[in-house]
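Colleague: Could you take a close look at the aromatic rings in this one for me? I'm new to this, so please walk me through how they pair up.

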Amino acid sequence: MTSESGKAAAVLLTPEEMGRADRLTIDGGVPGIDLMERAGQAVARTAAELLPASAKILVLCGPGNNGGDGFVAARCLAMSGHSVSLCLVKPPDTLKGDALEAFARMNSDMRNAISYVSAGDGISNDLLDDLGSADLVVDALFGAGLDRPLSGAVLDLVGRINRSAVPVVAVDLPSGLSGATGAVLGEALKSRATVTFFRKKPGHVLFPGRGLCGSIKVADIGIEPATLGEIGPRTFENGPDLWIDAWPMPSVNGHKYSKGHAVVFSGPISATGAARLSAGAALRAGAGLVTLASPPDALMVNASHLTAVMLKKVAGAQAIADFLADERLNALLIGPGFGVGPQTRDVVGQLLKTGRAMVLDADALTSFAEKPEHLFEQIGGSSAPVVLTPHEGEFSRLFPEIEGDKLLRARQGAVLSGATVVLKGPDTVIASPDGRAAINANAPPWLATAGSGDVLAGIATGLLAQGVPAFEAACQAVWLHSEAAGKVGPGLIAEDLGEALRPAIAWLVDKRGAGL
């Protein structure tokens with residue numbers, strides 16, 4: 001897999017971008033009804049996989065093209081021997097274009113046996129009967145194009161389906177979810193499976209949407225990947241397809257000095273563990289050398305725990321300057337366990353002036369909560385890349401004026417700060433000041449444990465030391481961190497992550513070496 005095809009595979013399209021992909025394909029000579037036929041057939045195949053023979057299926061169809069996909073799916077499922085009931089939210093005489101054509105292609109018995117749900121009439125008894133006897137519901141109501149909360153009878157119907165525990169297959173996206181943000185608009189159907197088309201959308205991978213989609217299948221409906229070149233998407237699902245070409249592949253003639261030298265700044269004697277976790281992770285991520293810069297009072301406790309990580313006593317601004325006069329020290333991390341306050345602000349400012357690649361985490365971020373603009377000014381004056389790794393609380397303190405969905409906030413934070421922002425969580429968003437953003441989807445729940453963020457910051461620092469660009473280094477670090485946690489499994493503590501990085505890194509080496 002080449003870099004370009006890999007990036008294409010990782011693309012996430014907003015509903016507006018997907019609409020443009022449809023239009024470009026249709027303008028290029030592919031009839032819209034052909035796209036709809038392929039979409040509906042893919043939905044029918046997925047539904048059939050969940051069902052025994054001759055099952056009862058309720059297909060809910062909205063007024064637009066999502067409903068048209070539902071008509072095709074209903075026809076295909078009926079032809080396969082299933083008993084299919086249809087529910088519409090608007091009368092058939094309101095249908096237009098391809099959706100109307102898809103409706104007309106159903107047989108007359110299906111077209112004439114329709115129940116309705118409408119704001120004026122509520123939910124019919126026929127529909128309640130159909131729901132009560134259904135083995136499966138196909139949700140073709142609204143999909144990713146929904147831009148306002150569900151209300152009235154439709155909201156009531158969604159609630160009834162969720163309470164019924166009948167399995168749902170969603171067309172494009174469960175109704176009630178925003179395709180752009182994953183937000184629930186009123187209430188959303190919880191699906192067993194979701195069938196989307198051409199590419200996923202941000203709403204498929206951002207929470208709470210991700211938790212409501214079930215298994216996600218991306219169907220090929222005939223839109224050419226070259227269409228992406230005209231759209232120019234800037235949002236991706238994080239994973240090797242996105243950044244494998246930037247992975248720092250070990251060289252047979254390499255040596256430790258060619259792989260960079262990372263420095264992690266330790267806190268005082270009472271708070272040294274976080275920095276040691278970071279330093280070990282930087283070394284495991286491939287940095288040729290890692291030094292822990294320790295205050296004098298913490299020197300002995302740090303020395304008693306370190307082996308391959310080197311140790312350097314550093315006390316005060318002049319000692320830092322003397323230490324960093326060695327230009328081989330090319331990536332710095334400060335924050336984990338360092339302490340909050342004006343001294344931390346001063347040290348961060350001094351480090352940013354050195355022109356080294358930097359990761360700022362934890363205390364280094366919180367120390368600027370009262371005057372974040374001072375941090376952003378200093379980042380703007382740095383000649384090297386900077387990565388910020390806030391969790392939600394740290395982000396809100398650093399960017400109190402930024403509101404909105406997670407993807408939007410991370411992007412605005414990156415632009416405002418001039419740094420690559422890693423907004424952490426179960427759906428971590430990595431955003432670059434140039435507008436690119438990636439959403440991570442492989443984090444297991446057991447990563448929510450003390451010290452795991454320190455390991456993440458260390459991995460990113462180790463990758464920066466090897467010359468990986470900031471956005472790619474942050475994406476690689478987040479993915480590796482989650483992949484390692486998945487290999488450890490339940491019961492994980494932060495100390496487990498370093499060793500678990502080994503198989504994840506070995507897999508990347510094999511993938512890059514195979515030219516995939």
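**Aromatic rings, up close**

Modeller: Let's start with W479, which is buried, with a relative accessible area of 8%. Keep in mind that this is a predicted model. W507, on the other hand, is partly exposed, at a relative accessible area of 43%; that value falls between the 20% and 50% cut-offs. Now for the pairs themselves: searching the whole structure turns up 5 aromatic pairs. A pair of aromatic rings is described by how far apart the centres are and by the angle of the planes.

Take F71 and F103, one of those pairs. Their ring centres are 5.3 Å apart and their planes sit at 70°, so this pair is edge-to-face; the cut-off for that label is over 60 degrees. F71 belongs to helix α4 (residues 65-79) and F103 to helix α5 (residues 97-104), so the pair ties together parts that are 32 residues apart in sequence. Both F71 and F103 are buried.

Back to our tryptophans. The rings of W479 and W507 have centres 5.9 Å apart and planes at 35°, so that pair counts as tilted. W479 is in helix α21 (residues 470-488) while W507 is in helix α22 (residues 497-513), so here the pair ties together parts 28 residues apart in sequence.

One last thing to look for is a charge over a ring: R199 lies over the face of F198, 4.6 Å from the ring centre.

How values were computed:
Residues numbered from 1 in each chain as written. Predicted model: local features only at pLDDT ≥ 70, side-chain atom pairs only at ≥ 80, totals over all residues. Heavy atoms only, no water. Phe/Tyr/Trp six-rings, centres within 6.5 Å; stacked < 30°, edge-to-face > 60°. Helix = DSSP H or I, 4+ residues; strand = E, 2+ residues; numbered from the N terminus. Buried < 20%, exposed > 50% of the residue type's maximum accessible area, 1.4 Å probe, protein only. Lys NZ or Arg CZ within 6 Å of the ring centre and 35° of its normal.
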